[in-house]
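Hello,

Here is the structure I promised to pass on. Please open it first; my notes follow below.

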Amino acid sequence: MFSKILIANRGEIAVRILRACRTLGVEAVVAYSEADRESLAVQQADEAICIGPADAKRSYLSAPAVISAAIVSGCDAIHPGYGFLSEDEGFAEVVRAHGLTFIGPPPQVLERFASKEATRRLLGAQGLATIPGSNGMLRDDLHGLEEAERIGYPVLIKPSAGGGGKGMRMVRTPRELEAALKICRSEARAAFGDDSLYLEKWLEDNRHVEVQVAVDRFGHGVHLGERDCSVQRRHQKFLEEAPTPALGDAARGELADRAIRAIVAAGYENVGTLEFLVDPAGKAYFIEINCRIQVEHPITEMLTGIDLVVTQIRIAAGEPLGFSQADVTLRGHALEFRINAEDTQHDFRPSSGVVERYLAPGGPGVRVDSHLFTGYEVPPFYDSLLGKLIVWGPDRPTAIARSLVALDELVIDGLVTNLAIHQALLRNETFLAGKMTTNLVDRVGAAAFLAAAAR
Amino acid sequence: MPDRDEAARLVDHAQIEGLADELLPALIAKLGATGLGELELREGDWRVRLRRSADGAGAAAKGALGRSTRSGPGHLDHAHPAAPEAPRDAYRSAATSPAVGVYHPRPEIASGSRVRAGDRIGSVDVLGIPQEVVAPVNGIVGAGLVENGDAVEYGQELVWIELISTPAERGGRDA
């Protein structure tokens, strides 16, 4: 096991990783930017080190700053969290070159799965159905038009790097494609420093279902069930649940089994998530893999009782998984609500400011992963996630009933939040029937959801 | 120089922070917009002067906080009667670390050396690549706050630079 871990992230995930380190009895150093000097993670840390100014490019995204901080503070491993440097194979390689361990897949594994398009082919060869898409990266606009014609409209433009909906656009005509390619290219370049794009067939009314896997260095892997992330706004997930209401028990088990077999065969290592789109007939198409701990990992922890961040750290330290598929049991139902500083009344505009009062909910099955406290000033420089409310129940209706109570108890004064959209969803018939599709909030409009709930 | 009490220092720190937070951003924007080389503004007992950096990077001007109506070392008996007790810190400014790494002062820059704002007085090694530590103001290198070879974080104060110009000198030049 490591002796000291540098946490190179911020917000709720920095707090979450700190908890995992303490559970393991490993010292942790929180690396922070000047804007996060007063953050909860810094206050709670055994040790904290300022790595740069508020601008993430010079702090959380700066490989030299992060690695230098790890070296001077005597760490032997770096946990990158999610976002920032978490899936940067170049960073992982430099970390290793400095004699440190990157907590995540080893660099050569990250490299193998770095290109979404190549990963699709790799796992396609391992028996996973993949969505029809462009043959490799788009060389230019003309190549894009030819490929879109071959695949058939509508198509989804996707960047090879990154995630979070940036650089993604669905287009229905060649004219739309030409215009969107330029936008996506510049968005992808700005967000990930890589503007290579590819196309995927757009499935109408699809569900987003993802399988959590954990594979150790010795090729021993398990799946930890799936999560449904179909509730999205502009390709951004904001409410997740498990198990998915989209598939029956047999189909869910089969999907997870196929996913873990393929990913072990493809040589993956550490925790990861295979994302699938499920069409209305229940057929699952592999779309991409996330080689990091994900925002929505807690719902899997609620169902399995397994600490995924601890598992991730142990695997990175070279330890065997220590449990088999038969040891993984999925119990009950869990929901996760991403609480964002966003104004639902004004097109989900991000907000910042001082938390005047913060009260976290409680009760059976209720968990809050958040970095908020009364008096905390939310800096305007980073994403708008304030925390996650995770609610477990023995079944879906109980989990939903508990969620309504918990959302009602949660108090965040001083900031505008997206609580209203969660409360609206929990009263929405389509959601209650378990029939949300990834396009529904955008198609109907968030305002319509809010208005319907208000009646 | 006499020791000052905690309360007086806190008042001064609050004033400096007020200037830095409210005044400096506006001044920097103004400097950038006008294309002037230097801007100076007085507020209460404090004076803020911004100078465009030598490379002409406009708004990236170096700010120097100085106390305009206070006496310098050796002039303590001439303290302005209406002003609160001057902080020692008003006469000095710390050079800070540009990065997280290992600090090395320049051997030829010893305590007592005269430096100009922007002079390289040391470096912070980031994975073997030195990042320059520069003097924030004209002055004399004072006490070091960290040792050669110490690990330092971004923004950490490394060494004091004692301000040279006395109010009398400034008064003469500014008049």
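A:K116 is buried, because its relative accessible area is 7%, under the 20% cut-off for that label. Keep in mind that this is a predicted model. A:K116 belongs to helix α6 of chain A, which covers residues 116–124.

What does the side chain of A:K116 reach at 3.5 Å? The backbone oxygen of A:P159. The side chain of A:K116 also makes a polar contact with the side chain of A:E288, at 3.4 Å.

Now the interface. Chain A puts 17 residues in contact with nine residues of chain B. The size of an interface is often given as the accessible area lost when the parts come together. Here, about 940 Å² is buried between chain A and chain B. Carbon and sulfur atoms give 68% of that area. Three residues stand out on chain A: A:C50, A:S68 and A:V72 supply 43% of what chain A buries against chain B, more than any other three residues.

How many salt bridges cross between chain A and chain B? The rule finds zero. Polar contacts do turn up, with three residue pairs across the interface of chain A and chain B.

Which elements supply the side of chain A that touches chain B? Both β3 (47–52) and α3 (63–72) of chain A provide at least two residues each. Helix α3(A) gives the most, with seven residues. By class, that side of chain A has twelve nonpolar residues, three polar and two charged.

Best wishes

Terms used:
Residues are numbered from 1 along each chain as its sequence is written. Chains are lettered from A and ligands numbered from 1 in the order in which they are written. This is a predicted model: local features need pLDDT of at least 70, side-chain atom pairs count only at pLDDT 80 or more; totals for chains, interfaces and linings use all residues. Side-chain values use heavy atoms; hydrogens and water are left out. Helices (H or I, at least four residues) and strands (E, at least two) are DSSP runs, numbered from the N terminus. Buried means under 20% relative accessible area, exposed over 50%, partly exposed in between (1.4 Å probe, protein chains only). A polar contact is a pair of N or O atoms within 3.5 Å; within protein, one must be able to donate a hydrogen and the other to accept it, and residues adjacent in sequence count only if both atoms are side-chain atoms. Contact means heavy atoms within 4.5 Å. Buried area is the accessible area (1.4 Å probe) that two parts lose on being put together, summed over both. A salt bridge is a side-chain nitrogen of Lys or Arg within 4 Å of a carboxyl oxygen of Asp or Glu. Ala, Val, Leu, Ile, Met, Phe, Trp, Tyr, Cys and Pro count as nonpolar, Asp, Glu, Lys and Arg as charged, and the others, Gly among them, as polar.
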